[in-house]
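Could you walk me through this model stop by stop? I have it open in my viewer and would like to know what to select next and what is there.

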Amino acid sequence: MTTKRPSFTDQEALDFHSKPTPGKISMAPTKPMGTQRDLSLAYSPGVAIPVLAIAEDIDKAYDYTSKGNMVAVISNGTAILGLGNLGHMASKPVMEGKSVLFKRFADIDSIDVEVNTTDAEDFIRTVRNIGDTWGGINLEDIGSPDCFIIESRLREELDIPVFHDDQHGTAIIAAAGIINACHITGRELKDLKVAVSGAGAAGLSVAGLIRHLGVKAENILMCDSTGVVYEGRTDKMDQFKSAFAVKTSKRTLAEAVEGADCLLGLSAKGAVSKAMVKSMAKNPIIFAMANPDPEITPEEIKSVRDDAIIATGRSDYPNQVNNVLGFPYIFRGALDVRARSINEEMKVAAARALAELAREDVPDEVAAAYHGARPSFGRDYIIPTPFDPRLISFIPPFVAQAAMDTGVARKPIADMDTYRASLAQRADPAAAFIQGVQARARDVQRRIVFAEGEEPAVVRAAFSFKNQGLGHPILIGREAQVERTMEQMGVPAGTLEIINARLSDNNPVYTDFLYARLQRDGYLKRDVQRLVNQDRNIFGCCMLKNGDADGMVTGVTRNYDVALSDSRLVLDTLPGQALIGMSMVINRGRTVFIADTSVTELPQGEDLANIALEAAAAVRAMGFVPRVAFLSYSTFGNPMGERGEKVREAVCILDEMGDVDFEYEGDMNADIALNPSHSLLYPFSRLKGPANVLVMPAIHAASISTKLLESMSRATVIGPMLLGLEKPVQIASLGATVGDIVNLATIAAYDVDRVHPDKA
Ligand SMILES: NC(=O)C1=CN([C@@H]2O[C@H](COP(=O)(O)OP(=O)(O)OC[C@H]3O[C@@H](n4cnc5c(N)ncnc54)[C@H](OP(=O)(O)O)[C@@H]3O)[C@@H](O)[C@H]2O)C=CC1
Ligand SMILES: CC(=O)C(=O)O
Ligand SMILES: [Mg+2]
């Protein structure tokens, strides 16, 4: 399995964290707060009722507050990644990051808390006094040995899971990787000889867990910055390291590594040398897990031997051993049974489940998460990737079951199958869609024109598009100006292809083509020449038409209609198809498509029928079964009105066609279309379930409702995607973000197959 290596500039990392709003998380209410009654219920006097219930039984907090699905990520910043003690506030981006990962991967709400103290007692006091407000506490990046004292005291004093991620999260993932690496190399844990670089939070915990799983204590040599942790050593020792001290004459990491089967790096960048790697046993297992830079890079290891199984903590190499594979799912399982703690059995269950999942075949729908490659269990795939969508339904049931078996579950799960199904619902469908589109784009490597190549956001988007391996970007603009913008954006010179429309050798060809197309529409040759030379949308579309590029993204600096009419001057609508804009709206596990959001202002009945046909085909191509509702202010003729008539006409046109291969119905209100129980009122309706394609009666209704959903709910809106043009052109909205532009460029790259299946 090959892995593409994303990279980014420092400025991109800062922009990601600062735009459009500083930070990575925000909160959203789960209850309406619109009326006086809402206020009375949510706040005084209504709130008094749950207050009294909780006062009587403290566990009722799980029923009446967000406690049961809320984890705090708490740090004091004393060991931030492998960067060291940089203070509590500097740890905030990491802690916000962990919170976001809780939400993204396991649908757990999470808040970061940075405590301004390096004193263990002070830290314990602070967290103990506020701790049980959450369903669980994830301690993060707290230096050793304080982390051991802090965690064990808080575990004793709080009745909720307290889990130091750098210890146990890391241990669980590393153990899963080691189990599988041993399987592949034909080793047994009881025979494994292990050297560990790093005797801190992560190193000691990994050593503890593999010892628990069967590696012999005398076969684990721990090393810290002073060297081997041996019996009798007094320098820089503490009770936690002492628990792993062994009788040995070895004193340095190099000596510990010599002849070892397995080297675990949980220390710092560069701690392991090529000579050390060379001295290991045959088929060595080398996990260099320091972040952000490993103890030794995979390239360095491969330069001295080719028989190693290699893992790092990073996402840009195969075999990412990183605690992100663990903490979301371990807490998911623990919260779902309202666990009082996360114990050894729950950790072992998670490690074994992870190891098992990597050995299973990767089904089609999961291959997208692996950038289109289909990994099979082996040296470069010993552990699932963090984007494996099976993790959410596979891991937590094992953790929950272990909690139930060991008596720490307050609320055991009665039906595991139902629980598993409910977990799958928590997966983020927007992410799955984007991953699928990205995987295809990475595979096919299309040439995508970024028409407004001098714009800073466009330059950044093109660079990001290229760095993510999504295809080959081509910027249109004046070289000197584009290069200046690239320099300002920190994009290395020479990394992006630039084409100056005015100076292109292809202009005569493009001009001849366009003149032939427009000469009877009032255009003189010199008008066409000027368009090709000066209008970047026209030039870009000519590139597509001439086969010099595959797709285009534009619209950041000019309004939608201008970009659309420019494109239509050069490109036709596909024969027999309608040109439409379609937005994908994803909210609370439900996906609906809205059309036409951007092209035909006041569609007639026939237009609406064509919009439905085009939208249904596109939705089917994306893997959904289309169920179309023609929306109106009326439902089945009540009340009658002019726009409603057009909608009714559209339904009749489809009826007359006779061979429509999807369910459709209308006219109907949006709530009727989306409500599965509408058949009670309208038993004659042909929809067998809630609609997922909503054809709007006019563009204003489509545009307004989509933007309302995006602004006022937690919905994710992708698009509008422009469908039906003979070449893929996507038009961003004015002032679109870098992420929006990249998404649309990716959709353009993906859409080449849909428009021209022969190119696939
Ligand atoms: N991939 C993953 O999922 C995870 C990776 N990590 C990474 O592991 C590393 C350690 O984290 P953590 O345990 O939390 O930190 P700690 O501060 O608790 O421990 C660091 C340990 O590394 C030792 N060390 C430092 N430099 C060297 C060196 N050059 N050679 C040998 N040992 C050295 C320290 O020695 P001494 O005791 O003498 O000071 C200490 O024992 C970090 O890089 C972190 O990013 C951590 C958690 C998860
Ligand atoms: C991954 C992680 O938690 C760390 O490197 O600290
Ligand atoms: Mg950490």
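## Stop 1: the domains

Start by colouring the protein chain by domain: domain 1 (1-24 + 428-572 + 725-760), domain 2 (65-160), domain 3 (168-427) and domain 4 (580-724). These bounds come from an automatic or database domain assignment. Before you go on, note that this is a predicted model, in which local features need pLDDT of at least 70 and side-chain atom pairs count only at pLDDT 80 or more, while totals for chains, interfaces and linings use all residues. Residues are numbered from 1 along each chain as its sequence is written, and chains are lettered from A and ligands numbered from 1 in the order in which they are written. Now put a distance between the centres of domain 2 and domain 4: taken over C-alpha atoms, it comes to 46 Å.

## Stop 2

## Stop 3: ligand 2 and the annotated site

Move to ligand 2, which has L81, D141, D165, D166, N291, G313, N322 and N323 around it. That shell splits into 1 nonpolar, 4 polar and 3 charged residues.

Next, select E140, D141, D166 and N291, which UniProt lists in an unreviewed entry as "binding site". They are spread over 152 residues of sequence yet cluster in space, with a largest C-alpha distance of 13.8 Å. Such annotations may be inferred rather than shown by experiment; their positions are given in the numbering used here, and feature names are shortened.

Is D141 buried or exposed? D141 counts as buried because 29 C-beta neighbours lie inside 10 Å. The scale uses other C-beta atoms, placed from the backbone, within 10 Å: 20 or more is buried, 12 or fewer exposed, and in between partly exposed. Look for D141 in the loop between β3 (136-139) and α7 (146-157).

N291 sits in the loop between β9 (285-288) and α13, and is partly exposed, with 19 other C-beta atoms within 10 Å. Leaving aside neighbours within four places in sequence, N291 is in contact (C-beta atoms, placed from the backbone, within 7 Å) with L81, G82 and G313.

## Stop 4: an exposed loop

For a contrast in setting, find D306 in the loop between α13 (298-304) and β10 (309-312). D306 is exposed, with 7 other C-beta atoms within 10 Å.

## Stop 5: the nonpolar core

Of its 116 residues, V196, A350, L354 and V399 touch the most other members. α8 gives the most to this core, with 10 residues. Domain 2 and domain 3 both give residues to this core, so it lies between them.

Note on methods:
Core = buried A, V, L, I, M, F, W, Y, C linked by C-beta atoms within 7 Å. Helix = DSSP H or I, 4+ residues; strand = E, 2+ residues; numbered from the N terminus. Near = placed C-beta within 6 Å. Nonpolar A, V, L, I, M, F, W, Y, C, P; charged D, E, K, R; others polar. Contact = placed C-beta atoms within 7 Å.
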